[in-house]
Amino acid sequence: LCTTEACRLLRNMCAGCKVAQDRVRACSGLPLILNVLRICCSLYSKPNGISLESKQALHRTCLQTIGNAVASNPENGEVILADGWPAPILDVIVGELPIELKAITLMILYNCLLKSPAHLKEFSYSGECGVVLETVLTLTHKMRVGPCSESQLNRMQDVLIWTELLVHLVIVNGYFIPMHQHLATRRSSEASESELTETLLLYLVEDLCS
């Protein structure tokens with residue numbers, strides 16, 4: 001509970017305040033927050049007496065803190081990518097976690113890569129790029145074929161919005177081919193390669209082809 005409240009305080013301080021964002025970085029607070037995120041990811045693996053609601057509240061608040069810290073702050077984004085990618089950021093995207101947490105994490109990834117050409121190129125040419133896209137597209141497939149609540153659909157929309165922005169960023173910087181190649185090498189137990197590729201081309205980058 002104390003850790004959640006501490007993250008909530010930092011989250012609120014960093015919201016739209018570059019002075020606070022820079023102060024957190026100067027005090028080496030970002031690596032500490034990433035360590036909290038690593039702990040959050042490990043809380044689900046074994047019984048520990050912490051309720052699921054409390055785990056998810058801490059996880060959500062921790063991610064929101066990182067999200068506010070990197071918003072319009074490339075320097076903080078560099079720190080997060082250097083210390084938090086691929087793990088623990090990618091762990092949230094691919095893990096069996098609430099869709100809401102994945103949406104926040106994709107927002108963080110996009111904002112970190114937005115002003116970091118070197119990291120964007122590295123991401124586009126890496127296998128993790130394919131992992132992220134396959135995970136999102138597999139979630140999309142599951143939503144289409146299985147029952148889901150209105151809340152889940154709304155959260156999935158957030159996931160797709162941030163994924164589309166991420167794909168757009170990759171493409172406008174000239175990295176469509178490596179991104180597509182990494183996606184094509186992935187296999188999904190829920191959707192075929194052709195379906196994943198079709199979804200990527202027709203939905204996520206539809207606006208770029210018009």
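I started with Tyr 110. At 14% relative accessibility, Tyr 110 counts as buried, because the cut-off for buried is under 20%. I keep in mind that this is a predicted model.

Trp 162 has 22% relative accessibility, so I put it down as partly exposed.

**Aromatic pairs**

I searched for aromatic pairs and found three in the structure. I noted two of them here.

I took Trp 85 and Phe 123 to begin with. Their rings are edge-to-face, with 5.8 Å centre to centre and 65 degrees between the planes. I checked where they sit: Trp 85 is in the loop between H5 and helix H6 (89-94), while Phe 123 is in helix H8 (residues 117-125). The two are 38 residues apart, and the pair links distant parts of the chain. Are they buried or exposed? I found both Trp 85 and Phe 123 buried.

Then I went back to Tyr 110 and Trp 162. This pair is tilted, at 5.7 Å centre to centre and 50 degrees between the planes. Tyr 110 belongs to helix H7 and Trp 162 to helix H10 (residues 150-172), so the pair ties together parts 52 residues apart in sequence.

**The core**

I asked which residues have the most contacts inside the largest nonpolar core. They are Ile 66 and Phe 123, in a core of 54 residues. Helix H7 (residues 99-114) gives the largest share of this core, 10 residues.

I listed what Phe 123 touches, leaving aside its neighbours within four places in sequence. Trp 85 is in contact with Phe 123, and so are Leu 109, Leu 113, Glu 128, Cys 129, Val 132, Leu 166 and Val 170. As a general note, nonpolar side chains tend to be buried together in soluble globular proteins.

**Helix H2**

I moved to helix H2 (residues 18-26). Its buried residues are Ala 20, Gln 21 and Val 24. Looking down the axis of H2, I see them within an arc of 105 degrees, so they line one face of the helix. An α-helix has 3.6 residues a turn, so residues three or four places apart point the same way.

What covers the buried residues of H2? I found helix H1 (2-14), helix H3 (29-42), helix H4 (52-70) and helix H5 (74-84) among the covering parts. I then turned to the face of H2 away from its buried side. The exposed residues Val 19, Arg 23 and Ala 26 are carried there.

Last, I looked just after H2. Ser 28 takes a positive phi of about 60 degrees there.

Technical notes: Residues are numbered from 1 along each chain as its sequence is written. This is a predicted model: local features need pLDDT of at least 70, side-chain atom pairs count only at pLDDT 80 or more; totals for chains, interfaces and linings use all residues. Side-chain values use heavy atoms; hydrogens and water are left out. A nonpolar core is a set of buried Ala, Val, Leu, Ile, Met, Phe, Trp, Tyr and Cys residues joined through side-chain atoms within 4.5 Å. Buried means under 20% relative accessible area, exposed over 50%, partly exposed in between (1.4 Å probe, protein chains only). Helices (H or I, at least four residues) and strands (E, at least two) are DSSP runs, numbered from the N terminus. Contact means heavy atoms within 4.5 Å. The arc is that of the directions from the helix axis to the C-beta atoms. Rings of Phe, Tyr and Trp (its six-membered ring) pair if their centres lie within 6.5 Å; planes under 30 degrees apart count as stacked, over 60 as edge-to-face and the rest as tilted.
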